[in-house]
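Good morning, and thank you for making time for this presentation. Please bring up the sequence and the structure, and we shall go through them together.

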Amino acid sequence: MGGAEGASGMDWENLHVTVAGLGVSGVPAAKVLHGLGAVVTVVDGGDGPRQQAQAEELRALGVTVRLGDGDSLPDDTELIVTAPGWPPYAPLFQAADKLDIPVWGDVELAWRLRRPHPATGEPAPWLAITGTNGKTTTVRMLASILTAAGKRTAAVGNVGVSVLDAVLAEEPYDVLAVELSSYQLHWAPSVRPYSAVVLNLAPDHLDWHGSMEAYAADKGRIYEGNVVACVYNVADPATEHLVREAEVEEGCRAVGFTLGAPALSQLGVVDGLLVDRAFITDRRHAAAELASVEDVQPSAPHNVADALAAAALARAYGVEPRAVRDGLRAFRPDAHRIAFVAEVDGVAYVDDSKATNPHAAAASLAAYESVVWIAGGLAKGAEMGDLVAAAAPRLRAAVLMGADRAVIRAALTEHAPHIPVFELPDGVVGAAAMESVVDAAAGFAESGDTVLLAPACASMDMFTNYGERGDLFAAAVHAL
């Protein structure tokens with residue numbers, strides 16, 4: 001290797017690095033590594049218009065790009081930096097393992113390239129969030145609170161903004177709100193957040209991780225090395241177990257959040273107020289008022305839980321109660337997250353296309369009394385029985401679509417045999433599919449019902465992504 005060192009202290013000059021995958025994380029990683037003097041080769045199994053356009057952009061910089069083959073390990077590779085979605089069993093990584101070649105994710109690379117803040121001499125701390133559901137809502141709530149406290153911050157990571165771009169920004173951030181998926185955590189062995197939360201744990205991505213135990217272990221990595229607080233969900237004991245298993249800095253505390261009255265070292269809800277019994281001096285005998293439940297919009301129970309988790313991380317960082325309130329008031333939820341679309345003939349239509357697994361769909365279904373449920377897509381190996389059993393008393397009818405709709409149909413047959421079911425035939429996709437689905441749902445619904453798109457499944461079998469699925473749902477509703 002040559003003599004140039006990057007911000008991590010690592011010698012990057014002429015280091016042969018393979019970047020696995022283009023896209024949101026791969027392109028920034030390739031550019032950064034090339035700028036550090038590394039010899040970069042990007043591999044991607046795709047060869048479509050998007051990949052071709054990204055490849056041309058990188059080739060113009062002098063980066064080698066190999067499309068249509070993501071399996072073969074390039075000669076002389078000394079390090080792999082991977083996009084988070086590539087599974088551990090991919091042939092590229094199996095070949096690397098035999099040669100003891102390390103594999104990092106883009107989050108690991110970002111962590112190693114952090115720069116000291118000119119005011120503190122230390123890199124901006126990371127307040128990190130993971131969980132099966134609610135990550136994006138919570139990270140954006142947290143960023144809103146930190147902004148209200150006067151901090152230069154950003155919501156980055158799995159929320160769709162490159163962590164690499166944030167840590168290398170020309171104007172440094174004071175603190176980062178970082179959403180991390182289980183994929184990203186799997187490939188980030190060195191990351192040590194200032195404080196972190198696991199919002200909840202439910203089976204998801206088991207086809208990628210191989211087992212629930214492996215999935216939970218990757219989620220639990222977020223607590224490693226925490227400095228101030230490991231925040232957990234009192235209603236989900238598995239999250240507290242992960243805290244107990246973590247190796248943290250001396251003095252780091254376990255802090256719970258609950259929708260009930262908080263015990264010592266917890267945040268919770270009392271008489272419609274979000275209160276803190278963790279980050280105040282006299283926490284044994286008092287609580288600090290942070291905000292009201294009405295400050296959280298929409299104030300569905302899982303949204304309030306997300307707000308408490310965000311508040312806990314902000315308070316661990318030293319944010320005053322007033323900024324928590326102001327930040328929550330300023331926050332607006334993402335599109336496609338329990339978003340009211342319209343009311344037609346007394347029936348409410350709600351888009352929760354972001355509910356891409358059973359745990360998210362369960363939270364959404366629990367918010368409404370009488371539901372015509374639109375569900376289905378790619379189940380990713382998830383089981384639907386518990387979801388349907390819990391929701392059955394609320395279901396007026398179900399409209400099913402997608403590759404794995406039979407999994408949901410079987411659960412409905414077992415746990416809700418009384419409700420009518422419409423199944424969209426195979427081969428209908430995109431706008432035509434959603435128009436048929438919405439028409440069928442409207443036919444089942446009565447005044448006072450909610451037609452709820454909460455698919456419990458991923459979207460890519462029929463739509464570009466969950467965003468397109470939600471947009472087409474809204475368009476079909478407005479066409480009514």
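In which loop is Leu199 found? Leu199 is found in the loop between S9 and helix H8 (206-209); helices (H or I, at least four residues) and strands (E, at least two) are DSSP runs, numbered from the N terminus.

Before going further, a word on conventions. This is a predicted model, in which local features need pLDDT of at least 70 and side-chain atom pairs count only at pLDDT 80 or more, while totals for chains, interfaces and linings use all residues. Residues are numbered from 1 along each chain as its sequence is written, and side-chain values use heavy atoms, with hydrogens and water left out.

As for confidence, the protein chain averages a pLDDT of 93, and 98% of the residues score at least 70; pLDDT is the predictor's confidence in each residue, from 0 to 100. Over residues 1-7 pLDDT stays under 50, and the model has 21 contacts for that stretch beyond four places in sequence, where contact means heavy atoms within 4.5 Å.

Let me return to Leu199. Its relative accessible area is 2%, so Leu199 is buried (buried is under 20%, exposed over 50%, partly exposed in between, with a 1.4 Å probe and protein chains only). Beyond four places in sequence, the contacts of Leu199 include Ile129, Asn133, Phe257 and Ala309. Ala300 lies 101 residues from Leu199 along the chain, and their C-alpha atoms are separated by 16 Å.

Now the sheets. An open sheet of nine strands has mixed pairing and the order S7-S8-S6-S9-S10-S11-S12-S13-S14; two strands pair if DSSP finds at least two bridges between them. At its edges are strand S7 (155-157) and strand S14 (288-292), each pairing on one side only. From one strand to the next, the twist averages 25°. Within this order, S9 (residues 195-198) and S10 (residues 229-233) run parallel and are joined by two bridges, and Val197 has Val231 in S10 as its bridge partner. Helix H11 (residues 301-316) lies across several strands, among them S6 (126-130), S9 and S10, and runs at about 135° to S12. Axes here are lines fitted to C-alpha atoms, for helices over the stretch in contact, and angles run from 0 to 180 degrees between N-to-C directions.

The other open sheet to discuss has five strands in the order S3-S2-S1-S4-S5, with parallel pairing. Its edge strands are S3 (64-67) and S5 (103-105). Five bridges join S1 (residues 16-20) to S2 (residues 39-44), and Val17 is partnered by Val40 in S2. Helix H2 (residues 49-59) packs on the sheet, touching S2 and S3, at about 160° to the direction of S3.

Finally, two residues in helices. Gln184, in helix H7 (residues 182-186), counts as buried because its relative accessibility is 7%. Its side chain reaches the backbone nitrogen of Ser181 at 2.9 Å. Leaving aside neighbours within four places in sequence, Gln184 is in contact with Pro84, Val107, Gly157, Asn158 and Glu179. Thr136 belongs to helix H5 (residues 135-148) and is buried, with a relative accessible area of 8%. Residues up to four places away not counted, Thr136 touches Val159, Glu179, Asp334 and Lys354.

Technical notes:
A polar contact is a pair of N or O atoms within 3.5 Å; within protein, one must be able to donate a hydrogen and the other to accept it, and residues adjacent in sequence count only if both atoms are side-chain atoms.
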